[in-house]
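Please look over the model below before reading on. My notes follow as numbered points.

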Amino acid sequence: MKKYIVGIDGMMCQNCEAHMSKAIEENFDVKKVQSSHEKKQSVIIAEDIDEDKLKSVIEETGYKFVSLEIQPYKKGIFSVFGK
């Protein structure tokens, strides 16, 4: 698993967050996605994501792709409790 931290510009509210998260979930096989208009980012947990397609999905949804950081994702002991 990998953690994708995607910088996104243009999200203004919780509806924007939901719109962005839904677009990502519909286009990729993700374990989890969480979007934040305040942090201007979406955090995605998934095996592999095509970076070009990700940028395209974000831009087609009406937001601006700013950056992408990929980190290894490690489950912690508290993951069994849904955290």
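1. How many disulfides does the structure hold? The count is 0, where a disulfide is a pair of cysteine sulfur atoms within 2.5 Å. The sulfur of C13 has its closest cysteine sulfur in C16, at 3.7 Å, which is too far for a bond. C16 is likewise in no disulfide. C13 is partly exposed because its relative accessibility is 29%, and C16 is buried because its value is 13%. The cut-offs are under 20% relative accessible area for buried, over 50% for exposed, and partly exposed in between (1.4 Å probe, protein chains only).

2. A word on conventions. This is a predicted model, in which local features need pLDDT of at least 70 and side-chain atom pairs count only at pLDDT 80 or more, while totals for chains, interfaces and linings use all residues. Residues are numbered from 1 along each chain as its sequence is written, and side-chain values use heavy atoms, with hydrogens and water left out. Helices (H or I, at least four residues) and strands (E, at least two) are DSSP runs, numbered from the N terminus.

3. The largest nonpolar core has 19 residues. Such a core is a set of buried Ala, Val, Leu, Ile, Met, Phe, Trp, Tyr and Cys residues joined through side-chain atoms within 4.5 Å. V6, M20, I44, I49 and I58 touch the most other members. Strand 1, helix 1, strand 2, strand 3 and helix 2 each give two or more residues to this core. Helix 1 gives the most, with 4 residues.

4. Take V6 by itself. Contact means heavy atoms within 4.5 Å. Leaving aside neighbours within four places in sequence, V6 is in contact with K40, Q41, S42, I44, L54, I58, F65, S67 and L68.

5. Which residues of helix 2 are buried? In this helix (residues 51-60), they are L54, V57 and I58. They cover an arc of only 95° around the axis, so they sit on the same side of helix 2. That arc is taken over the directions from the helix axis to the C-beta atoms. Their cover includes strand 1 (2-9), helix 1 (14-27), strand 3 and strand 4 (64-72). The face turned away from the buried side carries the exposed residues D52 and E60.

6. Check both ends of helix 2. At its start, a side-chain oxygen of D50 reaches to within 2.9 Å of the backbone nitrogen of D52. Just after the helix, G62 takes a positive phi of about 105°.

7. K40 deserves a look at its backbone. Its phi is near 55°, a positive value in a residue other than glycine. Most residues other than glycine have a negative phi. K40 lies in the loop between strand 2 (30-36) and strand 3 (41-46). K40 counts as partly exposed because its relative accessibility is 47%.

8. The structure holds 2 salt bridges, each a side-chain nitrogen of Lys or Arg within 4 Å of a carboxyl oxygen of Asp or Glu. One joins D48 to K2, with the closest N and O atoms 3.0 Å apart. This pair links distant parts of the chain: D48 is in the loop between strand 3 and helix 2, and K2 is in strand 1, 46 residues apart. D48 is exposed at 58% relative accessibility, and K2 is partly exposed at 33%.

9. E26 and K22 form a salt bridge with the closest N and O atoms 3.9 Å apart. Both lie in helix 1, 4 residues apart, about one turn of the helix. E26 is exposed at 58%, whereas K22 is partly exposed at 49%.

Terms used. Polar contact = N/O pair within 3.5 Å; in protein donor to acceptor, adjacent residues only side chain to side chain.
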